[in-house]
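Here are a few friendly notes to read alongside the model. Take them in order, with the viewer open.

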Amino acid sequence: MSDSFISDGPSEVYASDAGCPLPRFDDIFDLCTELEISLKDLMSMSSRASSSYRTFYIETKSGKLRRIDQPHAKLAALQRKILRYYLRLYDISFYARAYRKGTGVAMNAAPHVGKRYLLKMDLSDFFGHITSSMLKDSAFSSMHCTEEIADVLTRLCTRNGVLPQGAPTSPALSNIVMKSFDDSMGRWCRSRSISYTRYSDDLTFSSDLPLYPAYRKACSTLKSMGFEVNSGKTHFITSAGRQQVTGIVVNDKLGIPSDYRRKLRQELYYVLKFGAEDVFLRSGDRQAEPGLALSTYLMRLMGRTEYVLQYLAGDAFFLDARYKLSEMISRCSSVGL
């Protein structure tokens, strides 16, 4: 693992993924040209955006239901254009480790390896607390567009005044809104030899000194912004216990929890022995999402297998499972399952 991967970083931000200057829109017709849409259609879609969603619920690992607002096809396509041509051009904080190229759960966990103290915090209903006014103060501020264009873009990217979990623009917008917090929190932590990272709504702090001051600082700032800390998911963990960050053990080195490996190995064993269709019909994914395709289930299983192989590269069982899953996915694709 390279030093650049595990560094807590001297820089406040990465350059934007695209490496292009952020455009400013002063004329709504320029925005229409960029998004390849007529002014009539743009205004119509923005005025009825909040009603252009399908709502469903999925079960989380804790057994609770998470609401998903999925935009209808036309709105989703327009949101993807806003993401591609505009939102992806923004610089976001070095400390934000989700929803961006070159980062992930391992990069989020790496700065916290081998620390004596670990603090994990969670934000309740993260997207639901990001409001239209927050977007107009950050992504769609007067620095970047006129008030009219800000209103249009905000309506297109929100539902009933908040970020919908399920829209393609919401992850990028959350990072843009959180940039000032991430940067200021990161500076505060670095001056006190504390490592800080944020993975979506999960905030992690680690140090060889007690972390209660960081907890108080984060709570105070987040509350002033309008966010709510989930006290039930706030954990102070010492190196005497198992320290885990975004699913990765960080006590001595990056590693996969043994119970995760065991459960995945068992599921793969049943898939390979009895067939994917039989296991799929009984899977939690299938129960939570009745319309889920077999190929999607297999792709998720492949993703979890690849995740384990990042840390157990030579494991014969998982290597064999990856090969056989690849064959199953190919067969599903050929028959449209």
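Predicted model: local features only at pLDDT ≥ 70, side-chain atom pairs only at ≥ 80, totals over all residues.

**Notes on the chain**

1. Residues are numbered from 1 along each chain as its sequence is written, and side-chain values use heavy atoms, leaving out hydrogens and water.

2. The chain has 14 helices and eight strands (DSSP runs numbered from the N terminus: helices are H or I with at least four residues, strands E with at least two). Of its 337 residues, 45% count as buried (under 20% relative accessible area; exposed is over 50%, partly exposed in between).

3. Do look at helix 7 (residues 147-157), whose buried residues include Ile-149, Val-152, Leu-153 and Leu-156. Among the elements covering the buried residues of helix 7 are helix 2, strand 1 (53-59) and helix 8 (170-190).

4. Helix 2 (residues 28-35) also holds Asp-30. Asp-30 counts as partly exposed because its relative accessibility is 43%.

5. Turning to helix 10 (residues 258-274), you will find Tyr-270 there. Tyr-270 has a relative accessible area of 36%, so Tyr-270 is partly exposed.

Technical notes:
Buried < 20%, exposed > 50% of the residue type's maximum accessible area, 1.4 Å probe, protein only. Contact = heavy atoms within 4.5 Å.
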